[in-house]
Amino acid sequence: MSSSLEDGKKHVSELQRNLEIVREIEFFEGFPPEVVKLIAYLFEQGRYRAGDVLIERGDDPGMAFYIISGALGVYLEVDKKERLLRSYGEKEFIGAFSLVGSMPSLFTLKVEEPSTLLILNRDQFLTIREKHPQLAPLLRKTMLKQLRLWEQRNLENLDLCCLQKVGVTLL
């Protein structure tokens with residue numbers, strides 16, 4: 001009997017941790033409290049080893065990842081060699097746009113070091129969105145903000161000579 005009590009306490013503490021995490025994720029900023037709680041509840045935890053492939057290029061993952069611990073790497077094959085484009089670490093949330101719709105991946109996502117992740121899948125997120133139509137304008141605002149930040153970061157890191165090769169999405 002005490003084991004079910006311990007399991008209950010463990011579940012509550014995981015849910016509380018997830019709730020705190022969701023409140024910190026910029027993508028969910030402004031979401032109603034009941035939606036934030038649902039998202040926290042639906043996050044699934046996964047543990048992965050270095051070298052595990054989470055997403056292959058061309059796959060439609062339909063999921064987003066929050067990194068509790070460890071590191072993930074985004075890779076692109078160039079000249080038949082796999083090249084690391086960027087690493088992500090603790091407290092980063094990646095793949096948010098794949099929650100909103102089908103998006104085949106342009107990259108491969110691999111685990112760089114042993115990692116603990118929280119995973120939210122598209123089907124669950126779309127169910128929440130259907131039941132809470134007030135999310136539509138919040139999602140548009142969030143996605144535009146994320147695009148703007150992405151573009152700003154990338155433009156700041158480019159040499160002037162390379163700007164002519166970049167597609168500017170936000171003027």
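Me: Buried means under 20% relative accessible area, exposed over 50%, partly exposed in between (1.4 Å probe, protein chains only). Which residues are buried in helix α3 (residues 122-131)?

Reply: This is a predicted model: local features need pLDDT of at least 70, side-chain atom pairs count only at pLDDT 80 or more, and totals for chains, interfaces and linings use all residues. Residues are numbered from 1 along each chain as its sequence is written, and side-chain values use heavy atoms, without hydrogens or water. In α3 the buried residues are Arg122, Phe125, Leu126 and Ile128.

Me: Within what arc do the buried residues of α3 fall?

Reply: Look down the axis of α3. The directions counted run from the helix axis to the C-beta atoms. The buried residues line one face of the helix because they fall within an arc of 155 degrees.

Me: Which exposed residues sit on the face of α3 turned away from its buried side?

Reply: Turn to the side opposite the buried one. That face of α3 carries Asp123, Glu130 and Lys131.

Me: What pattern does the protein follow along the sequence?

Reply: Helices (H or I, at least four residues) and strands (E, at least two) are DSSP runs, numbered from the N terminus. There are four helices and six strands. Read along the sequence, they give α-α-β-β-β-β-β-β-α-α.

Me: How many salt bridges does the structure hold?

Reply: A salt bridge needs a side-chain nitrogen of Lys or Arg within 4 Å of a carboxyl oxygen of Asp or Glu. Side chains of opposite charge can pair when their charged atoms come close. The count for this structure is six.

Me: How many residues apart in sequence are the parts that Lys145 and Glu26 tie together?

Reply: The two side chains meet in a salt bridge at 3.3 Å, N to O. Lys145 lies in helix α4 (residues 135-156) and Glu26 in the loop between α1 (2-24) and α2 (33-42), so the tied parts are apart in sequence by 119 residues.

Me: Which residue forms a salt bridge with Arg122?

Reply: The closest N and O atoms of this pair are 2.5 Å apart. The pair links distant parts of the chain, 62 residues apart: helix α3 and the loop between β2 (53-55) and β3 (63-78).

Me: Which residues do salt bridges that share partners join into one network?

Reply: Lys145 is partly exposed, at 35% relative accessible area. Glu26 is partly exposed too, at 36%. The network joins Glu26, Glu29 and Lys145.
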